Amino acid sequence: MLTIAIVDDHPVKRAGLEKFVAETSGLEVATSVRAVEDLDEGAEFDVAILDVPLRPGGPALSAIESLVTRAPVVVSSTWERPLTFGAVLRTGVRGFVDSRTDGRIIVSALFTVGEGGFYVCPRLADQFQAELVRNVNEDPAGLAPREVETLRWIARGLTHSQIAGRMGLTEATVNTYAKRIRAKLNAGNKAELTRMAIELGHMTDTRRFPAA
């Protein structure tokens, strides 16, 4: 019997998933909560399924990373920007499902991950493969290489003047890059840019840019 932790901030969806899991032979609901921080520290479960909404204020990668330390995790999402498979994969997540898929696929993911496997639902297979084999110079958020480099320096706390010196550009050019980045990522301030840089995987990607 696999015990399942359900984490979903939408009450109707969460109730539906609870019912589906409870009615499936071999699965049992261990706990069901709105958010990762609502999980009891002593709660034990074999697999967790976490729904990740893409609206502002939704769970960040830090929430996923926190859950991964407790049990294998299946992430459910619509997998649209800014969330990317690569960034989530680096957290140690073992399963990827489309939040619009049916319950049978979710059950398959839970059993596969619970038995030590890795699961990508059929609906996501082509998208998952395409992202992982994408040329390293392409960015999932549509940023140009120099914009990605600028974002990385911003996220590491450098001023526009310092970034200009690092990149051999004028400060005005860096300002232009920063405006383009904010527009493309729909980010209003430095904190949001830093969060986006982390979620897009740019703070762990050392292949394209030198370390500070």
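Predicted model: local features only at pLDDT ≥ 70, side-chain atom pairs only at ≥ 80, totals over all residues.
Figure 1. When neighbours within four places in sequence are set aside, the contacts of G95 are V73, V74, V75, V113 and Y119. The view may also include I106, which lies 11 residues from G95 along the chain. Between the C-alpha atoms of G95 and I106 the separation is 9.5 Å.

**Figure 2. Surroundings of D8 in a loop.** D8 is placed in the loop that joins β1 (2-7) and α1 (11-22). With a relative accessible area of 4%, D8 is buried. Apart from neighbours within four places in sequence, D8 is in contact with K13, R14, V33, R34 and D51.

**Figure 3. Packing of helices α6 and α8.** Two packed helices are described by the distance between their axes and by the angle between those axes. Helix α6 spans residues 145-155 and helix α8 spans residues 171-185. Their axes come within 9 Å and cross at roughly 90 degrees. The helix α6 is therefore roughly perpendicular to α8, a term that applies to angles of 65 to 115 degrees. On the α6 side, the residues that meet α8 are R146, E147, T150, L151 and I154. On the α8 side, the residues are V174, Y177, A178, R180, I181, K184 and L185.

Figure 4. L89, F118 and L132 make a nonpolar surface patch of about 230 Å². Of these residues, L89 is found in helix α3, which covers residues 85-89. L89 counts as partly exposed because its relative accessibility is 31%, and this class lies between the limits of 20% and 50%.

**Figure 5. The whole protein chain, for orientation.** The chain contains nine helices and six strands. Of its 212 residues, 45% count as buried. The accessible surface of the protein chain comes to about 10,700 Å². Carbon and sulfur atoms account for 49% of that surface. Among contacts in the chain with a separation of 6 or more, 63% are between residues 24 or more positions apart.

Methods:
Residues numbered from 1 in each chain as written. Heavy atoms only, no water. Patch = residues over 30% accessible without salt bridge, like charges linked within 9 Å, V, L, I, M, F, W, Y side chains within 5 Å. Areas by Shrake-Rupley, 256 points an atom, 1.4 Å probe, with all protein chains shown as cover. Salt bridge = Lys/Arg side-chain N within 4 Å of Asp/Glu carboxyl O. Helix = DSSP H or I, 4+ residues; strand = E, 2+ residues; numbered from the N terminus. Buried < 20%, exposed > 50% of the residue type's maximum accessible area, 1.4 Å probe, protein only. Contact = heavy atoms within 4.5 Å. Axes fitted to C-alpha atoms, helices over the stretch in contact; angles between N-to-C directions. Parallel < 35°, antiparallel > 145°, perpendicular 65-115°, else oblique.
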